[in-house]
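Welcome, and please load the model in your viewer. We will go from one selection to the next, with a word on what to look for at each stop.

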Amino acid sequence: MNARARGLVGLSRKPLFWVGVILAAAVVGGFLARPEGQRANDVRRSLFRTTPDGVAALARGIERLGRRTEGRLTPLVDSDPVRGTIMLLRPPLPLTPREVNALLNRVRDGGTVIYAPPYIPAPDRVRQTPLMDTLGIGFRFRTARDEVLEQRLDGPGWVDHPLTRGLPEAPEPVHGLRLANLGEREPQGEGVEEEEGAPGPAAAEALLTASDEAGGEWMAAALLRLGEGRLVLLSESGPLSNENAADHPLAVLAVRAALLWSSEADTVFFAEYHQGIRGQRSRAEILSEFFLDTTGGRFTLHLIAVGFLVLACAGLRFGAPAPAVAPPDRERRSPLEHVSALGDLYRKAGAADTAALLLVTRLARATRNPPPVDVTQAQALLQRLDTDPGADTPLYRARQGLRADPPDLTAIAEAIDEHLARRFNT
């Protein structure tokens with residue numbers, strides 16, 4: 001074994017070396033699990049994402065057509081005022097009741113919201129967020145059979161409207177929605193006049209309709225007028241994603257709505273805060289989100305934990321190999337008794353030559369010579385190391401003991417001990 005190989009073996013026995021190996025493996029695992037341009041660990045309709053689930057392409061398309069786009073990184077209350085056109089696309093973080101009130105006030109004052117509500121299935125219904133409940137939005141519930149067979153609504157058709165004119169035939173939508181009259185104002189009663197300038201009742205107008213298997217009609221796109229403003233409702237946000245926006249007519253409809261009801265001085269805001277994106281994050285937040293909220297991060301964290309557990313177990317001491325005090329029912333052997341017992345085993349096995357070679361091997365290691373592999377090499381080693389001629393030297397007696405049949409192990413051992421004692425005492 002050369003010096004380099006011996007150095008590697010020695011390095012592998014140090015715990016710090018294995019700590020470095022575990023951390024390097026974790027870094028490689030994290031690098032391989034990172035989201036790239038064609039991969040994401042979750043679905044977020046964010047203008048900051050260029051992955052297939054993001055809406056960066058939609059935002060850039062609106063910008064090229066003359067309207068500014070920007071991500072809103074703050075909630076709709078207790079921060080910046082609600083302004084511009086709001087794009088609220090399948091928000092993972094639902095609006096609070098106060099945010100709903102602020103958003104609808106903006107709409108009543110002439111604002112525009114393009115809203116794709118989230119489809120949140122429960123065992124026998126679709127859950128409603130506060131904004132869906134306020135607007136009276138109800139989804140068609142998809143059964144397990146619909147999910148397994150990937151059933152879609154049939155016969156999609158555009159309703160004549162400036163937003164839909166000239167659009168190609170729409171693909172069959174997955175989800176459908178209906179609007180209850182929850183957005184309408186309650187009647188004032190006889191003799192009670194409405195306040196001057198109060199907004200009228202909400203008016204819903206279908207833009208894209210489709211039918212289910214039973215013939216019921218559902219809306220895949222609709223326009224909800226409220227006061228001076230309006231909400232463009234879409235039953236799903238997938239058509240607006242980077243993956244589909246290039247050739248899906250619902251993406252064209254969303255862009256038309258943003259251009260039609262946003263002046264050149266206005267900005268189209270994407271509600272990034274409700275996508276879970278909240279501006280500048282510390283490195284600790286980024287790392288914790290990676291290790292705790294992503295599949296690759298959890299895999300890397302488990303890899304690190306298992307590696308350190310193996311390292312800890314490999315270096316853990318479970319006590320002395322032998323008890324400090326002999327058990328009362330068994331006496332401990334002395335070193336001489338141990339050697340005698342070992343010699344008896346070799347003698348009973350007829351391996352006296354092997355035992356003799358092991359005795360000479362001890363001498364070879366002490367003198368930095370290669371150990372002999374047979375009796376001939378052992379004789380040659382003893383003769384080479386015997387620098388004092390004569391019949392009274394220890395190594396001469398060792399050679400005589402090695403020539404005996406069977407070898408005289410006691411003579412060989414005593415001779416080697418005497419030689420080593422003379423050598424190291426001089």
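This is a predicted model: local features need pLDDT of at least 70, side-chain atom pairs count only at pLDDT 80 or more; totals for chains, interfaces and linings use all residues.

Start by selecting aspartate 417: with 39% relative accessibility, this residue counts as partly exposed, a class that lies between buried (under 20% relative accessible area) and exposed (over 50%), using a 1.4 Å probe and protein chains only. A salt bridge here is a side-chain nitrogen of Lys or Arg within 4 Å of a carboxyl oxygen of Asp or Glu.

Residues are numbered from 1 along each chain as its sequence is written, and side-chain values use heavy atoms, with hydrogens and water left out. Helices (H or I, at least four residues) and strands (E, at least two) are DSSP runs, numbered from the N terminus.

How many salt bridges are there by this rule? The count is ten. For another one, select arginine 142 and glutamate 147, whose closest N and O atoms are 3.2 Å apart. Arginine 142 is buried, because its relative accessibility is 6%, whereas glutamate 147 is partly exposed at 43%. Then try aspartate 160 with arginine 165, a salt bridge at 3.4 Å between the closest N and O atoms. Aspartate 160 counts as exposed, with 60% relative accessibility.

Next, show helix α13 (residues 394–403) and colour its buried residues: Pro394, Leu395, Ala398, Arg399, Gly401 and Leu402. They cover an arc of only 160° around the axis, so they lie on the same side of α13; the arc is that of the directions from the helix axis to the C-beta atoms. Which helices do the buried residues of α13 pack against? They pack against α11, α12 (375–385) and α14, where contact means heavy atoms within 4.5 Å.

Now to the interior. A nonpolar core is a set of buried Ala, Val, Leu, Ile, Met, Phe, Trp, Tyr and Cys residues joined through side-chain atoms within 4.5 Å. The largest one has 30 residues, of which Leu103, Tyr115, Leu131, Leu135, Ile137 and Leu231 touch the most other members. Helix α4 gives the largest share of this core, five residues. Select tyrosine 115 to see its partners beyond four places in sequence, among them Leu88, Pro91, Met132 and Val232. A second, separate core of 29 residues includes Leu58, Leu240, Leu250 and Phe270. In soluble globular proteins, nonpolar side chains tend to be buried together.

For the last stop, pick glycine 110, in the loop between α4 (97–108) and β3 (112–116). Glycine 110 is partly exposed, because its relative accessibility is 30%. Leaving aside neighbours within four places in sequence, glycine 110 is in contact with Glu228, Gly229 and Arg230. Finish by drawing a C-alpha to C-alpha distance from glycine 110 to tryptophan 261: they are 151 residues apart in sequence and 9.1 Å apart in space.
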